[in-house]
Number of protein chains: 2
Amino acid sequence: MPYFDAASTAPLHPLARQALLSALDEGWADPARLYRDARRARMLLDAARETVAAELGARPDEVVFTASGTQANQLAVLGALAGNHRKGRRFVHSAVEHSSVLHAAEQHEAAGGSAHGVPVDALGRVDPERFAAELLPGTALAALQSANHEVGTVQPVAEVAERCAAAGVPLLVDAAQSAGRLPPPEGWSLLTASAHKWGGPAGVGVLAVRKGVRYRSPLPADDRESGRVPGFVNVPGAIAAAVSLRAVRQQAARLNPVQHARIDRLRAELPALVPDLAVLGDPLRRLPHLLTFSCLYVDGEALLGELDRAGFAVSSGSSCTSSTLTPSHVLAAMGALTEGNVRVSLPDDCADADLERFLEVLPGAVAAVRAQLEPAAPAAPAADRGPLVLDTLGRRCPIPVIELAKHFAEVPVGGLVAVLSDDEAARLDIPAWCEMRGQRYQGEQPSERYGSDGGTAYLVRRLS
Amino acid sequence: MPYFDAASTAPLHPLARQALLSALDEGWADPARLYRDARRARMLLDAARETVAAELGARPDEVVFTASGTQANQLAVLGALAGNHRKGRRFVHSAVEHSSVLHAAEQHEAAGGSAHGVPVDALGRVDPERFAAELLPGTALAALQSANHEVGTVQPVAEVAERCAAAGVPLLVDAAQSAGRLPPPEGWSLLTASAHKWGGPAGVGVLAVRKGVRYRSPLPADDRESGRVPGFVNVPGAIAAAVSLRAVRQQAARLNPVQHARIDRLRAELPALVPDLAVLGDPLRRLPHLLTFSCLYVDGEALLGELDRAGFAVSSGSSCTSSTLTPSHVLAAMGALTEGNVRVSLPDDCADADLERFLEVLPGAVAAVRAQLEPAAPAAPAADRGPLVLDTLGRRCPIPVIELAKHFAEVPVGGLVAVLSDDEAARLDIPAWCEMRGQRYQGEQPSERYGSDGGTAYLVRRLS
């Protein structure tokens, strides 16, 4: 089965697998003990820490191993905010950070702190000046990912780091998506990453805290991992993670141009192959192996299912919220279409034949899903001179957009359509449809004005 | 190298190793995704959860996987206290819980709650009535381990659980040392365990919360593991843990009597082989594979080193605090001798020949360490009719006890010795020496009364 979801988790690197097997024999003992087996485990753990530190641009004594990238982000956010509470309780982050950063921000807010999301542009990128403007007095921590996990856009970390340094604000860089693929970011005060994203095993994350950066663990005391990560250390996991990180860093110079070319090809061909498909994210400043697109009039989950039946493992852009029904906060922040969203992230050993077949299969898969979504004809009362009202209350996206497209030609140029919907995604997808179609989105009103209970009326003016 | 430290971590069970290898191939994908590889990972994770739940006497939907037993304990304590805060903020636990429970209790106290340690007897066991007496109004949570990690004493969990139920107080049972070896405890509201203690891999712990028990995660939100453990789930680790748990549970009926007999033999022979050695913990109600003893006039770390050179991997009783210099809180609570402390915990595949050799080697190892510890002759001023004063200020244990023993014959029967010491362990070890020697410990006074700055004077009356 062609696996195009490396951004969720990469298959275990062959060298990591070898390292894990031998570490199960050599590094199984408790590194905190005094006997020979324990000292050997300790030495292997030290070596793993040195390797990871070197590959991430850190000192070994700045690096601790966590249980996951999510844990690393939570500890980084809460530990740095606690350590720097004398500066204030303001936390500034990009609007498109990983959910683990945003959830930690919510906890900080629940405890009386404040969190401020810096908007991104339509490509998902923060503007360093806009970021800097949020670094007001009282800011204890800022956070900016190295590259976005849903659309692959690389963030201007160095520029933001300069501004954070000037403002005296420590900067957390979540490098989960770039570690191993791109050179380590510069200027960070705290750095986090996740081993299973670079071909290491599950259960290993990394938290690095620069010497001199204030940090106070939010967890109960423990004497392992510099007091930052309580619990028995997963030494075999750390070793396998280190071996894999070194391997992928070494192959990156050769592999990245190949992956870039593959994604460039997809970016160029997909919109021609599939009508009403928008490729998202920055076309140039991006991760080498990742591409995200959205398709109008398509239910994303149904499309994933169709592709799965055709043998392709892909995911929907909103990786960490796909079990909920809320639209992706990343796509929302970009003002991008959230419906029919698919993220393709290529594994290191991607076969070009698989990519070829993906391009063959996708148009049919989208068409099949669109065919299933033929909605019941809604009431379309033509009130005198009033807008055309399309009542899609109680129907989930992409139905509201499908209705809009189907009936749009019924209003004259200059006329107005009001789509009534109680699905949150409509708030994002109707403006995105207008953008894609060159029509004018006129904003929203309460549904009550159109004789309905609940929901919102989204107004679209026909321009052509 | 004979490995006698299974209570720190057990070597990976052969079946767990096999399961881990195949799970790396079959269960590596993200179980939250929708495609085939992901669904397979999800099924394997569900199966692992069902197995662990069945072996621990829980329902699958009550069980989540954590990164370690320590994390499980921290989450259990803080999550149950938060979930039951309307009952009050009182946390009752035995004085000999694992450090992860005590550290969580400290955090609870730092946040304004209260924590109350229930004393244990000289064998390390809590009295159910005494425990029940602490379940005052306002108690939100109680905690009692299934068996002690340092001395192996099995706690009266069922009796305490009954009293907790009567008082309406949820009970956390830390089953880390017994899971797999003994039948699962009964009456728990929350149960924790650690896979690497039963031959599973590092990086996997278990937290079970009974249906209906109030729980509020102390960590930021996340939709994995029922919202209780944030981060990507280590599916291969969970599978290997489950396979190992089932295997050790199945072998326990056969293995436990064998291990019990081995430990019984050590308990019987050690005091005869090594002078001034005390075996600690309950001789009957105990873990099958674990024994702890202390030796007078011995530095524990030096003894571990001596045994390591002889090829034996053992640890000091205070497993989780051995990197600090404070004496074990478990031994302190028992009023046991803390000096020269060694914990022997046999692996499942313990060879009797290794045990034989341990009995051969130990007397010489203890003698070698005692020979190194010949102290400089202290000033022993014989004030008129006053006590014999032994000034060991600035010297670490076991020097104070060695001095006491060396000069004890210099006072007549009925006479008094004052040992001046600023090592905290002396407070435990001098009374323990008196107990072992049949002499009377008379309490402590400030050193100043004997003309010294700082430290404490420990008074011993010679009875024979």
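1. Packing of helix 2 and helix 7 in chain B. In this predicted model, helix 2 (residues 36-56) of chain B lies against helix 7 (residues 235-273) of chain B at an angle of about 30°, the two axes being 9 Å apart. The crossing of helix 2 of chain B with helix 7 of chain B is left-handed.

2. Residues of that contact. Helix 2 of chain B contributes Ala41(B), Leu44(B), Leu45(B), Ala48(B), Thr51(B), Val52(B) and Glu55(B). From helix 7 of chain B come Val235(B), Ala238(B), Ile239(B), Ala241(B), Ala242(B), Leu245(B), Arg246(B) and Arg249(B). By class, this contact between helix 2 and helix 7 of chain B comprises eleven nonpolar residues, one polar residue and three charged residues.

3. Contact between the chains. Chain B and chain A each give 52 residues to their contact. On the side of chain B that touches chain A, the elements giving two or more residues are helix 1 (14-26), helix 2, helix 3 (69-83), helix 4 (99-110), helix 7 and helix 8 (300-309) of chain B. Helix 4 of chain B supplies the largest share of this side, with five residues.

4. The side of chain B that touches chain A holds 22 nonpolar, 19 polar and eleven charged residues.

5. Relation of the two copies.

How values were computed. Residues are numbered from 1 along each chain as its sequence is written. Chains are lettered from A and ligands numbered from 1 in the order in which they are written. This is a predicted model: local features need pLDDT of at least 70, side-chain atom pairs count only at pLDDT 80 or more; totals for chains, interfaces and linings use all residues. Axes are lines fitted to C-alpha atoms, for helices over the stretch in contact, and angles run from 0 to 180 degrees between N-to-C directions. Helices (H or I, at least four residues) and strands (E, at least two) are DSSP runs, numbered from the N terminus. A crossing is left-handed if the near helix is turned anticlockwise from the far one by less than a right angle, and right-handed if clockwise. Two residues are in contact if their C-beta atoms, placed from the backbone, lie within 7 Å. Ala, Val, Leu, Ile, Met, Phe, Trp, Tyr, Cys and Pro count as nonpolar, Asp, Glu, Lys and Arg as charged, and the others, Gly among them, as polar.
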